[in-house]
Amino acid sequence: MHKDKTNITKIVIIILLIVTLLLVLLYILNNVKNNRLENSAIESESGIDISKHVDLTMYLIGTRPADMDLVLEKLNKLTERDLNVSLKIEWIGWGDFSKEYPILLSSGQPVDLVYASNWLNFYENAQRGAFLELNDLLEKYAPISRINMSEAKVKDVSVNDKIYAIPSDYTNYNTFGPIVRKDYMRKYNVTSFNNFEDYIDFCCKIGKNENIDPTGLCSSSIELDDLYLMSKGYYPLSGSGSLYWIDLNDQKHKVYFESDCPAMKYFLTNAKKWYESGCWNKDVLSSKDETMLESNKAVSRVHNYDAWLGESGKDNELELDYFNLTNPLYKVSANQDCMAIPNSSNNPERALMLLEKLKYDEEYYMLITYGIEGYNYVLKDDKIEFLNDTYGNEPGTWGFRNETFYKQNMAVKDEQFEYRKNYEKTAMENPMAGFYMNLSEIQKEYENLKYTTKLYFDPLVLGYVDYEEGMKMLNDNLKENGNDKVIEHLQKQVDEYYAK
């Protein structure tokens with residue numbers, strides 16, 4: 001009898017547990033249903049249906065932070081909650097971007113957001129159909145972005161009146177010059193570099209007397225020639241590092257292939273001497289190491305003002321100074337830093353909605369830009385103090401930079417930010433804002449000439465070949481691959497631009 005009571009008691013307990021579990025399950029399902037109904041109401045008001053969950057992929061340039069997974073875990077809780085999407089971020093490394101970026105855009109693999117820039121051939125990629133036209137999507141899916149795009153910005157990210165990217169909300173300047181270690185400057189009694197010649201003379205001294213690379217060049221960053229021309233008043237027609245240039249002081253605005261720029265003869269005839277002095281390593285064309293300065297393998301590197309701030313904020317105890325040598329100084333085009341949606345995207349609408357959040361929702365912005373508050377950083381007097389180097393400061397997120405949320409790094413001295421204030425005061429409007437090279441009739445020749453440049457021009461710039469012999473080989477191949485035709489077309493475009 002006692003045993004039967006015990007069995008009955010067990011059965012009753014089991015039934016109660018089952019009933020309890022069923023009630024809990026019904027409660028959960030009811031909540032899910034209510035949440036869906038709530039989302040449906042929001043969707044109805046906005047006209048946007050987010051009931052279907054989607055996975056998005058974004059590509060950025062740079063090095064994947066060690067804490068990226070932790071940050072994405074937190075970020076995806078927000079994206080799931082607000083947009084019913086999850087985000088995956090892939091990276092194209094500094095040493096590989098010149099090859100991997102165009103491959104990514106031509107591969108057809110589904111990509112929803114990608115960093116885009118003039119230095120990544122924005123206009124060429126847009127004209128080739130790599131990016132999705134956004135005119136009909138922006139007002140509905142990224143209305144804040146569209147409102148914040150001035151007509152000048154719209155022109156900067158458009159081809160034939162079609163918008164192909166969304167620019168960052170941050171003004172940049174065409175600063176370009178050496179970031180230099182102060183300890184070596186003190187050693188050689190150098191206080192400043194007023195022109196390119198000052199800088200290259202310093203590098204020659206370092207090359208002759210020190211067991212360290214003076215310039216930190218690598219295959220993806222052979223930029224001494226660009227720096228030289230920009231310091232002499234030349235403008236790259238692509239907006240950044242170009243095959244073709246004009247002299248802004250020339251009222252006729254004649255278009256030159258880089259080696260034919262009148263000022264360039266000085267550089268090319270001296271390149272072999274600089275190379276033999278040890279101004280750069282012999283393996284530049286095969287090296288992918290863009291970190292030579294920060295890893296104590298180089299005395300300097302050529303880049304922009306923002307790169308100097310980034311280098312100064314790293315925990316490597318290097319004391320660095322910066323010298324902008326471009327002349328004139330002007331505001332760069334909005335396509336310097338922007339985000340585009342590749343044509344291969346399966347979810348462009350949701351990608352735009354996510355980008356809107358990354359740019360204009362402070363919680364999203366701070367997380368993706370600086371990491372996890374209290375773990376990666378803390379805020380002090382609206383400045384940011386990094387607690388470790390496992391996430392970093394703006395790791396490739398320049399495409400959705402927003403001046404409203406931008407924070408000054410406490411590791412960077414206040415006087416370094418004064419440089420930017422001076423740029424704001426002295427910079428002129430970009431004389432070529434809104435200009436882009438229309439390659440529709442010269443695409444094949446232009447692609448062939450880019451390959452020719454790598455084969456014959458880069459070795460000349462690096463002094464690997466004799467000037468006379470190298471120029472002959474270069475000019476023969478330029479002629480064979482349609483350089484005259486390209487110049488003719490580009491000259492017509494420049495003339496029409498200045499005639500407006």
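The buried residues of helix 15 pack against helix 12 (305–312), strand 12 (320–322) and strand 16 (408–409). To see this in the viewer, select residues 414–426, which form helix 15 in this predicted model. Its 13 residues reach 19 Å from the first C-alpha to the last, close to the 18 Å expected at 1.5 Å a residue. Next, show the side chains of Gln416, Phe417, Arg420 and Tyr423, which are buried. These residues lie on the same side of helix 15, because they cover an arc of only 100° around the axis. Then turn to the face directed away from that buried side, where the exposed residues Lys425 and Thr426 are found.

Select Ala433, in the loop between helix 15 and helix 16 (443–461). Is Ala433 buried, partly exposed or exposed? Its relative accessibility is 33%, so Ala433 counts as partly exposed. Leaving aside residues up to four places away in sequence, Ala433 touches Asp156, Ser333 and Tyr497.

**The five-stranded sheet**

Keep Glu90 selected and move to its surroundings. Glu90 belongs to strand 2 and is the bridge partner of Tyr59. Strand 1 (residues 54–61) pairs with strand 2 in the parallel sense, over eight bridges. In which order do the strands of the open sheet lie? The order of the five is 2-1-3-13-6, and the pairing is mixed. At the edges are strand 2 (85–92) and strand 6 (166–167), each of which pairs on one side only. Now select residues 97–107, which are helix 3. Helix 3 lies across strand 1, strand 2 and strand 3 (113–116), and runs at about 140° to strand 3.

**Two further helices**

Select residues 196–209 for helix 9. The buried residues of helix 9 include Phe196, Tyr199, Phe202 and Cys203. Among the elements that cover the buried residues of helix 9 are strand 7 (177–181), helix 8 (182–187) and helix 10 (224–231). Helix 11 (264–276) and strand 11 (300–303) also contribute to this cover.

Continue to helix 13, residues 348–360. How many of the 13 residues of helix 13 are buried? The number is 11, and helix 13 is thus mostly covered. Among these buried residues are Arg350, Glu356 and Lys359, together with Leu352, Met353 and Leu354.

**A hairpin**

Select residues 377–380 and 383–386, which are strand 14 and strand 15. The two strands run antiparallel and are joined by four bridges. Val378 stands opposite Glu385 of strand 15. Strand 14 and strand 15 form a hairpin with two residues between them, and in the turn Asp381 has a positive phi of about 55°.

**Confidence along the chain**

Finally, colour the model by pLDDT. The protein averages 90, and 91% of the residues score at least 70. Over residues 21–42, however, the pLDDT is below 50, and this stretch has zero contacts in the model beyond near neighbours in sequence. Residues 1–7 likewise stay under 50, with zero contacts beyond four places in sequence. Where pLDDT is low, the predicted coordinates should not be read in detail.

Technical notes: Residues numbered from 1 in each chain as written. Predicted model: local features only at pLDDT ≥ 70, side-chain atom pairs only at ≥ 80, totals over all residues. Heavy atoms only, no water. Pairing = 2+ DSSP bridges. Contact = heavy atoms within 4.5 Å. Axes fitted to C-alpha atoms, helices over the stretch in contact; angles between N-to-C directions. pLDDT = per-residue confidence, 0-100. Expected span 1.5 Å × (residues − 1). Buried < 20%, exposed > 50% of the residue type's maximum accessible area, 1.4 Å probe, protein only. Arc of directions from axis to C-beta.
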